[in-house]
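Please keep the sequence and the coordinates at hand while reading.

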Amino acid sequence: MVFVPSAEKRAIAQNTVIREFPRCPVCKGTYGYEVSGSSLDHFKCNACQSKWRSEPLSNGSISSMTLVQPSGYDLRGIELPGLNYQSAFYKNFDASYGAFLKNYRSQMTSKLSSTVSLEINEETVWAWVGSSIVRLPSVLGSLASQVGVSQIAEHAGHLFLTSERLIWLQDGMFNFEIPLEDLASFTPASGYQGGEASIIVVKSAKRNIEGWLRLWLWYGSVGNVEVARDNRAFNRVRGMVFRQQQIKRERIHKEKQREHVQVVLDFSSIRDTLAKGGVVATTFKCPQCSGPLDIPETGKQTTCRYCGAMIRPVDLFDKIKSLVG
């Protein structure tokens, strides 16, 4: 026998949600809510599809609530599912969410730095809860199947994305890292050995590292949303990873260019470069004071006679490139 809430209790539940949240906490929409559950303890925004669980709404109040599904449009709240907060948290959601993100990033940075030595200026971008998947050796796997034990072992941990690398901490201990410039793969796998488990594969282009990770990106109304089925949560995470990779590669490229220029460039090479470009220039503006700066015949530094600044050929390099195209 299936229990169906009465029309009176359903009306009370609807009025409770609308009274407490005339606008959706996440999208600020005013399109109302869908109330569900045999105890009328779930409500979902009709606009952005964000969904919460609370005490029975037919009691006429909402003291606390748990997000079970983030916004379907922009995934706002993707980090919150499973966490219970007082309703006041959602009544001032923008400020509350911003404070949560800041605090979470600080906590994750502390957790990471307590185990791994971070580089100077290395920052934690974000971290995701998950588990690593390890296939047992074939001999053990055969034995395991005979005694009814899974042939795949899972170990809980966190995947950290920093400005420098991807780091997997397993059970609080360092397991592996991949510098972002060496990351060759961050792709979903629809299954493992014919199984239904959806996982992420991360590979290094230079090191013999290949990690199989299950990342729980949010908990939906039907359980864990699997990242390998073309869902937007995974696409967002992958976008964050490769954006950081692009930033680091550009930084490395600029550093290499500058190092090369600093090593090989002197004032005589500046004159040669200008001559090859058909440009005749003997005076530039000082980068410090903009006063006229005479270029010496040779050497690796000169002094501005107006402000006393020490000028190297590299300090004029960008200006030279603009002249010779």
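In what sense do β2 and β3 pair, and over how many bridges? In this predicted model, β2 and β3 pair in the antiparallel sense, and the pairing runs over three bridges.

**The sheet as a whole**
- The order of the open sheet is β1-β2-β3-β4-β5, so written for five strands whose pairing is antiparallel,.
- The edge strands, each of which pairs on one side only, are β1 (33-36) and β5 (84-86).
- On average, and with direction ignored, neighbouring strands of this sheet are turned by 30° against each other.

**Pairing around β3**
- Between β2 and β3, which form a hairpin, there are five residues, and Q49 in the turn has a positive phi of about 75°.
- F43 has W52 in β3 as its bridge partner, while the bridge partner of W52 in β4 is L67.
- Strand β3 (residues 51-54) pairs with strand β4 (residues 64-69) in the antiparallel sense over four bridges, and K51 stands opposite Q69 in β4.

**Helix on the sheet**
- Helix α1 (residues 7-20) packs on the sheet, where it touches β1 and β2 (42-45), and the direction of α1 makes about 135° with that of β1.

**The loop residue N92**
- N92 is found in the loop between α2 (87-91) and α3 (93-113).
- With a relative accessible area of 47%, N92 is partly exposed, because that class lies between the limits of 20% for buried and 50% for exposed.
- Although N92 and V26 are 66 residues apart in sequence, their C-alpha atoms are 9.7 Å apart in space.

How values were computed
Residues numbered from 1 in each chain as written. Predicted model: local features only at pLDDT ≥ 70, side-chain atom pairs only at ≥ 80, totals over all residues. Heavy atoms only, no water. Pairing = 2+ DSSP bridges. Helix = DSSP H or I, 4+ residues; strand = E, 2+ residues; numbered from the N terminus. Axes fitted to C-alpha atoms, helices over the stretch in contact; angles between N-to-C directions. Contact = heavy atoms within 4.5 Å. Buried < 20%, exposed > 50% of the residue type's maximum accessible area, 1.4 Å probe, protein only.
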